[in-house]
Amino acid sequence: MINEILEILIVEDNIILQQVIEFCLISLGYAVCGKVASAEDAIDFIKTKRPDAILMDMTLDGHTNGIDAAIIMKKSGPIPIIFLTSSTREEDLERAKKIPADVFISKPFRESDIHAALKSAIPSTATR
């Protein structure tokens, strides 16, 4: 049986963090199927390509934040969403928990945090 490489979408408006996350994912054996900087671009992305999971910053530049984007994305079907956040605002965290998000990772994060979150969020039939 051939192991399929899982594809992850990165939604992060900080270009340096996008690159760090991409490096972590590749070193962990995942593929990055896309990198976008806004919630609107993320919503458009999943209309044409369905990643195995999404790493999404909760606070993004633009009219729509990561929480709102996740709500919209979840309406199109189940998809594991892992929130990256440096927010300590209780209202943001409580709102995100109602989506429901699959996992939260606090910034700053380690590669092992990303790996553990992906293993937890993606159904076991798809993980290595």
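**Entry 1: ground rules.** I am working with a predicted model, where local features need pLDDT of at least 70, side-chain atom pairs count only at pLDDT 80 or more, and totals for chains, interfaces and linings use all residues. Residues are numbered from 1 along each chain as its sequence is written, and side-chain values use heavy atoms, with hydrogens and water left out.

**Entry 2: the layout.** I looked up the helices and strands, which are DSSP runs numbered from the N terminus (helices are H or I with at least four residues, strands are E with at least two). The protein has 5 helices and 5 strands. Reading along the sequence, I get β-α-β-α-β-α-β-α-β-α.

**Entry 3: surface and contacts.** I used the Shrake-Rupley method with a 1.4 Å probe for accessible areas; for residues, only the protein chains shown count as cover. The accessible surface comes to about 6900 Å², and 54% of that belongs to carbon and sulfur atoms. For single residues, buried means under 20% relative accessible area, exposed over 50%, and partly exposed in between (1.4 Å probe, protein chains only). The protein has 128 residues, and 45% of them count as buried. Contact here means heavy atoms within 4.5 Å. Of the contacts between residues at least 6 apart in sequence, 64% join residues at least 24 apart.

**Entry 4: β1 and β2.** I count two strands as paired if DSSP finds at least two bridges between them. Strand β1 (residues 7–11) and strand β2 (residues 31–36) run parallel, joined by 5 bridges. Ile8 stands opposite Val32 in β2. From β1 the chain crosses through helix α1 (residues 15–27) to β2, and this β-α-β crossover is right-handed. Right-handed means that, with the strands pointing away from the viewer, the path from the first strand over the helix to the second runs clockwise.

**Entry 5: around β4.** β3 and β4 run parallel and are joined by 4 bridges. Met56 has Phe83 in β4 as its bridge partner. β3, α3 and β4 make a right-handed β-α-β unit. β4 also pairs with strand β5 (residues 103–106), in the parallel sense over 4 bridges. There, Leu84 has Ile105 in β5 as its bridge partner.

Which residues cover the two faces of β4? I found Ile81, Phe83 and Thr85 on one side, Ile82 and Leu84 on the other, and all are buried. In a regular strand the side chains alternate between the two faces of the sheet.

**Entry 6: the cores.** A nonpolar core is a set of buried Ala, Val, Leu, Ile, Met, Phe, Trp, Tyr and Cys residues joined through side-chain atoms within 4.5 Å. The largest one has 21 residues, and those with the most contacts inside it are Leu9, Val11, Ile54, Met56, Met73, Ile81 and Phe83. The elements giving two or more residues to this core are β1, β2, α2 (39–48), β3 (53–57), α3 (66–75) and β4 (81–85). α2 supplies the largest share of this core, 5 residues. Apart from this core lies another, of 20 residues, among them Ile8, Ile21, Cys24 and Ile114.

I also checked Val11: leaving aside its neighbours within four places in sequence, its contacts include Val36, Ala42, Ile54, Met56 and Leu60.

**Entry 7: cysteines.** How many disulfides does the structure hold? I found 0, taking a disulfide as a pair of cysteine sulfur atoms within 2.5 Å. Cys24 is buried at 7% relative accessible area, and Cys33 is buried at 19%.

**Entry 8: single residues.** Tyr30 sits in the loop between α1 and β2, and counts as buried at 5% relative accessibility.

Entry 9: Most peptide bonds are trans. Lys107 and Pro108 are joined by a cis one, with omega about -5 degrees. Pro108 is in the loop between β5 and α5 (111–121).
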